[in-house]
2 protein chains.
Amino acid sequence: MENCTKCGNPKIIIKRKQSGQALCKECFIESIQKKVIKTIKKEELLEKGDKVLVALSGGKDSVTLLDILDTFRKRNIIDICAVTVDEGISGYRQDGVEIAIRHAERLGIEHKVVSFKDSFNITLDEVMKIPNYRGSCTYCGVFRRWIINRAARDFSATKIATGHNLDDETQAILMNYLEGNVDNLTKIGPKTDSKSPLFTPKIKPLREIPEKEIGLYALAKDLEVHFAGCPYSEESFRGEIGQIIKNLSKDHPTIMYSTLRGFDKIKKALKKEYKSEFTFESCTICGEPSSNEICRACTFLNELK
Amino acid sequence: MENCTKCGNPKIIIKRKQSGQALCKECFIESIQKKVIKTIKKEELLEKGDKVLVALSGGKDSVTLLDILDTFRKRNIIDICAVTVDEGISGYRQDGVEIAIRHAERLGIEHKVVSFKDSFNITLDEVMKIPNYRGSCTYCGVFRRWIINRAARDFSATKIATGHNLDDETQAILMNYLEGNVDNLTKIGPKTDSKSPLFTPKIKPLREIPEKEIGLYALAKDLEVHFAGCPYSEESFRGEIGQIIKNLSKDHPTIMYSTLRGFDKIKKALKKEYKSEFTFESCTICGEPSSNEICRACTFLNELK
């Protein structure tokens, strides 16, 4: 039997293949919190006085994110508010929304639920009933980002924090490596700044935490979490790549970390070479920032009519 | 039944998933030759008057390379010589050596066979009988490169051409992406120049041709080729990555091309950011260029004593 590498407690809950470390519940929780704080400091994700809007779906990632960011709020470093997007997926979304509401109430933070129906007069269920050539995730992602970005302005938030984890980040990196999509690569990272004042900067404090450790954190802290999978989730290239990285990680437990480290160096070089000079204008329909005359959300809505 | 996309010949030998093109034997051969010539021009791999040393193992890649480069020799643009390395692998290498000799004689080009035994007084078979902690491919690669580089100087060659194909190149790129090895990434490419005058520049004219099309080219041109696999070939990370790319290519037939295109853009940025300033000295034992006092080949030989 192995004891906790840090405190000697014989009751360990994780044995990290990548480092050989064995940790008890308390030391595991502390290690995750410390690692997130390290990312926040290293990447300068937060400033004193920030009002951070957490994109809170109620899933393990966003609930863990809220839990850890809340330690900054308790120390009066930042203020937190949260938005939950209700895509209108019957039998799936309601549970997540209720969990999100309970977390926000428990912590006493400003929170609102914004639905596709209220914002666009159509639910995702309705979108999927219309013959269309885009995948559900494409519609959902574009509409969700539109809502979150607008909510950030309504809350006067200075940052938007999302629950992207190490698996998400590595998948995005590898997908774009394989697709040769250098332009997309320059947009991946811990912090997304945009030239437009209508866009609130986005931060990813969990980008160095593997997905399964986030699940374990939520469990260890006994956080109420929505574990159901979306009924529309597709067999996608991202899923295929995710499976490849998972398989590789079995024999090469540090591979997601080394991919991320390598990418961060590459990105530094890319940013100098490919200075993106987007000039954002306002969408002539909804007024949201857009690189074209009509933003993607309004383009999709037009198509669906 | 489909006819050749280019000439209408009903006897097609390949249907390219990546482009939808169907080609007959003659048009396929021509398309490969044109593609290699395009790479040579685009990347400026050859100059008029070059003396190109082909690293000729007798396998499909190097035999195809020799066949295509020979069209440049026949037009008096370049001169060609060849070297075959005999690693000393009984039951395997001899066939390849004999095939190489026959190709060189057939074309009437200077050719020599250099063995590990002559150069280092040890065969790979003997190396593998000594308890050692490096893989066979590590020894073989270092010793082989040593021999080829020295042969280039002996022949007064101005370029070394190797048969690396699209699969090889994509594997190397992906391996280093995943390992986060940015320094190695800067060394991958169609042309490897070194600051040391003792190193002859290396070129990879076949880097945009998929492995299976090279096999088909050799077959279509009825070139004698050594098809056996090395008995020491290991289960390696490279092999694992190769299998992943092969599997992905089934559903995504352009993935090796897009990976290569993306990498070439990334490399351009990396080269500016990470200017490698290697200062090569001569190995104090063998006199070959080395970034350390003793080169890797001599280090290995010392260990094996």
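# Exploring a predicted two-chain model

User: Where in chain A does A:Glu44 lie, and what is its phi?
Analyst: Look in the loop between α1 (25–42) and β3 (51–55) of chain A, for that is where A:Glu44 lies. Most residues other than glycine have a negative phi. A:Glu44 is not a glycine, yet its phi is positive, at about 50°.

User: What is phi of B:Asn121 near?
Analyst: Let's go to chain B, where B:Asn121 sits in the loop between α4 (116–120) and α5 (124–129). With 58% relative accessibility, B:Asn121 is exposed. Its phi is positive although the residue is something other than glycine, and the value is near 60°.

User: Which residues touch the most other members of the largest nonpolar core?
Analyst: This core has 46 residues. Touching the most other members are A:Tyr177, A:Ile241, A:Ile266, B:Tyr177, B:Ile241 and B:Ile266.

User: Which residues is A:Ile266 in contact with, leaving aside its neighbours within four places in sequence?
Analyst: A:Ile266 is one of the core residues that touch the most other members. Beyond those sequence neighbours, its contacts include A:Tyr177 in chain A. From chain B, the contacts of A:Ile266 are B:Tyr177, B:Val182, B:Leu185, B:Ile266 and B:Leu270.

User: Which residues does UniProt list for "binding site"?
Analyst: The record here is an unreviewed entry. The listed residues are spread over 24 residues of sequence but cluster in space, with a largest C-alpha distance of 8.0 Å. UniProt lists A:Cys4, A:Cys7, A:Cys24 and A:Cys27.

User: What is the relative accessible area of A:Cys24?
Analyst: A:Cys24 belongs to strand β2 (residues 22–24) of chain A. Setting aside neighbours within four places in sequence, A:Cys24 has contacts including A:Cys4, A:Cys7 and A:Ile12. A:Cys24 is buried because buried means under 20%, and its relative accessible area is 1%.

User: Which residues is A:Cys27 in contact with, leaving aside its neighbours within four places in sequence?
Analyst: You can find A:Cys27 in helix α1 of chain A. A:Cys27 is buried, with a relative accessible area of 12%. Beyond its sequence neighbours, A:Cys27 is in contact with A:Cys4, A:Lys6 and A:Cys7.

How values were computed: Residues numbered from 1 in each chain as written. Predicted model: local features only at pLDDT ≥ 70, side-chain atom pairs only at ≥ 80, totals over all residues. Heavy atoms only, no water. Helix = DSSP H or I, 4+ residues; strand = E, 2+ residues; numbered from the N terminus. Buried < 20%, exposed > 50% of the residue type's maximum accessible area, 1.4 Å probe, protein only. Core = buried A, V, L, I, M, F, W, Y, C linked by side-chain atoms within 4.5 Å. Contact = heavy atoms within 4.5 Å. UniProt positions renumbered as here; feature names shortened; annotations may be inferred.
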